[in-house]
Amino acid sequence: MWAMLADLSRQVPWPVFFEGRCDVVKLDADSWKCILTAGLAKSQRMAQGIEGGYVLLGESTRKMGKKKMAMLLDLIKLFGDSKQVRWSASEEMEEQYREDQR
């Protein structure tokens, strides 16, 4: 998962809103993990920040079962493919991971 998120962080610019403006920037792998785990959820949760603003509450990948983690990896791959990401991990390694998760 982290290799795929690192590939996204190096290759995909994404709109980020801050103080009333939007900039298109490259995000770190942790930020991509938040975006994609939120994308896997059927609904979103948001909390008020302690000094204003809002925080999206995502799901912990550490607590995901094998099936849900496989779904997340599929989502990352589909999203990256749609953005023409060149994956650093080989297809063979990804397939072996999926087989191990079953």
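These legends accompany close-up views of a loop residue and a group of aromatic rings.

This is a predicted model, in which local features need pLDDT of at least 70 and side-chain atom pairs count only at pLDDT 80 or more, while totals for chains, interfaces and linings use all residues. Residues are numbered from 1 along each chain as its sequence is written, and side-chain values use heavy atoms, leaving out hydrogens and water.

**View 1. L27 sits in the loop between β2 (21-26) and α2 (29-40).** Helices (H or I, at least four residues) and strands (E, at least two) are DSSP runs, numbered from the N terminus. L27 has 14% relative accessibility and counts as buried (buried: under 20% relative accessible area; exposed: over 50%; partly exposed: in between; 1.4 Å probe, protein chains only). Leaving aside residues up to four places away in sequence, L27 touches S9, W14, V16, W32 and I35 (contact: heavy atoms within 4.5 Å).

**View 2. W14 and F79 form an edge-to-face pair, with ring centres 5.4 Å apart and planes at 75°.** Rings of Phe, Tyr and Trp (its six-membered ring) pair if their centres lie within 6.5 Å; planes under 30 degrees apart are stacked, over 60 edge-to-face, and the rest tilted. W14 belongs to strand β1 (residues 13-18) and F79 to helix α3 (residues 66-82), so this pair ties together parts 65 residues apart in sequence. W14 is partly exposed at 24% relative accessibility, whereas F79 is buried at 17%.

**View 3. W32 and F79 make a tilted aromatic pair, 5.4 Å centre to centre with 45° between the planes.** Here W32 in helix α2 is linked to F79 in helix α3, 47 residues apart. W32 is buried, with a relative accessible area of 0%. Taken together, ring pairs join W14, W32 and F79 into a cluster.
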